[in-house]
Structure formats: C-alpha cells, structure tokens
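Please look over the sequence and the model shown here before reading on.

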Amino acid sequence: MQFYCSTPVNICEQDNINLFYSSLSVCDCYKSAMSVLSNLIEYNDQVYKDLFLELRMNCLTKYSTQLFIPSHCNHPDSLQELQDSLYYLGIDING
C-alpha cells in the first residue's frame with residue numbers, strides 16, 4: 001500500500017546550527033545551557049526558550065545545588081553572564 005500527499009511540504013533548514021542538549025550530568029547541563037542560550041542569542045526563536053525552560057527544570061530536579069558549584073566542566077558565573085546578555089538584549093528566558 002502506498003500513500004501520496006496531495007499538498008507539498010516545504011522544510012526550511014537553518015544553516016550551521018550547532019546545538020547540544022542533554023541533562024545526563026552536571027557537565028551536560030552546563031554545556032547544554034550554554035549551547036541553547038547561545039542559539040537563542042543568535043536566532044531569538046521561541047523554540048530555544050522552550051528548550052532552556054525544559055532543560056532548567058530537568059537539571060534542577062536532578063542535580064539541584066550541584067549546578068551552582070564550579071568544576072572543570074561547570075562554570076556557573078559564565079552561564080550567568082550569558083543570561084545577563086540575554087536580558088540586556090531584551091530576551092526574557094523566564095517564560
């Protein structure tokens with residue numbers, strides 16, 4: 001049995017989007033947050049806000065205060081600087 005669509009669908013691709021998204025560890029949470037927020041600055045698309053809100057909920061639920069302790073792979077101050085940049089640009093990431 002074969003199915004055919006009568007209406008063509010156009011798929012738009014954005015060039016060169018590098019996105020890392022994982023909440024399997026504190027390190028992954030940091031790397032993901034930096035990736036998502038950087039893409040949000042560049043593309044200012046609601047999908048990145050939604051991804052960040054989901055990531056924040058998942059990571060805070062799993063790792064809570066560990067996210068605020070600097071380590072070799074987690075730099076909370078640089079993440080805060082990136083969030084401050086978003087606020088400066090008028091991009092609200094809290095909802």
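## Disulfides and their surroundings

C29 and C59 are joined as a disulfide, with their sulfur atoms 2.0 Å apart, a disulfide being counted here when two cysteine sulfur atoms lie within 2.5 Å. C29 belongs to helix 1 and C59 to helix 2, so this pair ties together parts that are 30 residues apart in sequence. The link of C29 and C59 is left-handed, with -95° about the S-S bond, and both C29 and C59 are buried, where buried means under 20% relative accessible area, exposed means over 50%, and partly exposed covers the range in between (1.4 Å probe, protein chains only).

This is a predicted model, in which local features need pLDDT of at least 70 and side-chain atom pairs count only at pLDDT 80 or more, whereas totals for chains, interfaces and linings use all residues. Residues are numbered from 1 along each chain as its sequence is written, and side-chain values use heavy atoms, with hydrogens and water left out.

A search of the whole structure finds 2 disulfides, and the other partners are C27 and C73, whose sulfur atoms are 1.6 Å apart. Because C27 lies in helix 1 and C73 in the loop between helix 2 (46-63) and helix 3 (76-88), the pair ties together parts that are 46 residues apart in sequence. The link of C27 and C73 is also left-handed, with -50° about the S-S bond. C27 is partly exposed at a relative accessible area of 26%, while C73 is buried at 16%. Counting bonded cysteines along the chain, the disulfides follow the pattern 1-4, 2-3.

| Disulfide | Sulfur-sulfur distance | Angle about the S-S bond |
|---|---|---|
| C27 and C73 | 1.6 Å | -50° |
| C29 and C59 | 2.0 Å | -95° |

## A serine before helix 1

S22 lies in the segment that precedes helix 1 (26-43), and S22 is buried, with a relative accessible area of 13%. Leaving aside residues up to four places away in sequence, S22 touches D28, C29, S32 and L55, a contact meaning heavy atoms within 4.5 Å. The side chains of S22 and D28 are joined by a polar contact of 3.1 Å, and the side chain of S22 also reaches the backbone nitrogen of L24 at 3.4 Å. A polar contact is a pair of N or O atoms within 3.5 Å; within protein, one must be able to donate a hydrogen and the other to accept it, and residues adjacent in sequence count only if both atoms are side-chain atoms.

## Rings

The structure holds 1 aromatic pair. Y43 and Y48 form this stacked pair, at 6.2 Å centre to centre and with 25° between the planes; rings of Phe, Tyr and Trp (its six-membered ring) pair if their centres lie within 6.5 Å, and planes under 30 degrees apart count as stacked, over 60 as edge-to-face and the rest as tilted. Y43 is partly exposed at 24% relative accessibility, whereas Y48 is buried at 5%.

## The chain as a whole

The protein chain has 3 helices and 0 strands, and from the N terminus on its elements run α-α-α; helices (H or I, at least four residues) and strands (E, at least two) are DSSP runs, numbered from the N terminus. Buried residues make up 31% of the 95 residues. Among contacts with a separation of 6 or more, 61% are between residues 24 or more positions apart.
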